[in-house]
Amino acid sequence: MSKEKKNIRLFIFVTAFYWFSMYAYIPTFSPYIESLGASHIMIGLILGSYGFTQMLIRIPLGIYSDRINKKKIFVNIGILLSLISTTGMWFAETPALILVFRSLAGASAATWVSFTVLFSSYFKDDDTAHAIGIINASNKSGQVVGMLLGGIIAQILGQQFPFLLAAAGAVIGFSLSLKVDEKKDIDHQAITFKEILKVARNKSLLTVSFLAILMMMISHSTTFGFIPVAAKNLGATSFHLGLLTTITTIPGILSSYLSGSYFSQRFGEKNTVTFGFSLLALSCLLVPLINHLYLLYFNQMLNGFAQGMIFPVLMGLSIKNVEANKRGTAMGFFQAIYGLGMFTGPIFVGTISDLAGLKMGFWMIGLVGILGAVLTRFYKAKKV
């Protein structure tokens, strides 16, 4: 087996354990915060803090990693921060402390810039979409296993114990990440401030980033936000919540892989994203009409498949037409911008839910999906 193939396989496992640690506690996270006495707005703030710290960190991290031409060190740091975050939430006893350590999870997620760029370096430039599809499938695989086991652990031992499970995943992921090789560009030239501004002003990158904001608003206010609360209202147990998020994510693994290797090639990147947003909007609008837990399962499968169609394509487009020494900057910009969606989405739905009820919150976020489908039609590629 070639060295690059070994790196690819090792990195797939590193990525899976990293996202395992980030999502093992997610199925019961919102209900757990609610059990500590938090309002829907406070729940939204805690969930949104994950995106807020990403907004602050990702652009400077992407620029800095491009300037020093190093990615592996940030992969190591990211997994270590996940370990600190999950351990801290295990000990936290108030919503305020949960807010602090969930914000730290956002700092960890900011290093995903380095994960994606480093993994893409193992592939040829015209294979970027394929590489992103593979690493996103690995990402979701780790999430699925983590959330399923997290739900089972919560059902057996209590809603705090998934934090320890997540910490264990981080320990394994960190150990494996130390063995990752970094492929460096011998002719690498540090990116200048003028080039940074050129990347930030690129219209196609801005369009793709804004579409990612809309998608993240939806996913982090539904699947990773208030869907567990809605499920709890339908009588779901901790095991049911773990199963629900798992069922949501599994279709996303398939569609993440197919979006770059099949859908975008067969139907075009624009059409793939448009159709994905349409499905995502439909799944949100249907939630208030669902009165049985098993129907919610089916609806969330639709939601997960749609997310998997959209995101890898947008991520691939963010660096597809970008020179190698600017990719960390472009990816950092892209991921920082979509952090705004992670931050505003849960707060948006949480505020509406406190004022007009949870059903209205889902209807309003469904309209955001429709907006995404419409705006996708205006995307035009432009080389950076």
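This is a predicted model: local features need pLDDT of at least 70, side-chain atom pairs count only at pLDDT 80 or more; totals for chains, interfaces and linings use all residues.
Trainee: Let's start with Thr53. Where is Thr53 placed?

Mentor: Look along helix H3, residues 40-68, and you will find Thr53 there.

Trainee: Is Thr53 buried or exposed?

Mentor: The general idea is a cut-off: a residue is buried when its relative accessible area is under 20%. Thr53 has 14% relative accessibility, so Thr53 counts as buried.

Trainee: Which residues does Thr53 touch, not counting residues up to four places away in sequence?

Mentor: With those sequence neighbours left out, Thr53 touches Ser103, Gly106 and Ala107.

Trainee: Now for pockets. How much space lies in the second largest pocket?

Mentor: About 160 Å³. Then look at what lines the pocket: among the lining residues are Ala230, Asn233, Val287, Pro288, Leu358, Lys359 and Phe362.

Trainee: Which helices each supply at least two residues of that lining?

Mentor: Those are helix H10 (203-233) and helix H15 (358-376). H15 gives the most to the lining, with 3 residues.

Trainee: How many residues of the lining are nonpolar, polar or charged?

Mentor: The lining of the second largest pocket has 8 nonpolar residues, 1 polar and 1 charged.

Notes
Residues are numbered from 1 along each chain as its sequence is written. Side-chain values use heavy atoms; hydrogens and water are left out. On a 1 Å grid over the protein atoms alone, a cavity is a set of points where a 1.4 Å probe fits but cannot get out, and a pocket is an open set with protein on both sides within 12 Å along at least five of seven lines; lining residues have an atom within 4 Å of a point. Grid points are joined across faces, edges and corners, and a volume is the space filled by probe spheres set on the points. Helices (H or I, at least four residues) and strands (E, at least two) are DSSP runs, numbered from the N terminus. Ala, Val, Leu, Ile, Met, Phe, Trp, Tyr, Cys and Pro count as nonpolar, Asp, Glu, Lys and Arg as charged, and the others, Gly among them, as polar. Buried means under 20% relative accessible area, exposed over 50%, partly exposed in between (1.4 Å probe, protein chains only). Contact means heavy atoms within 4.5 Å.
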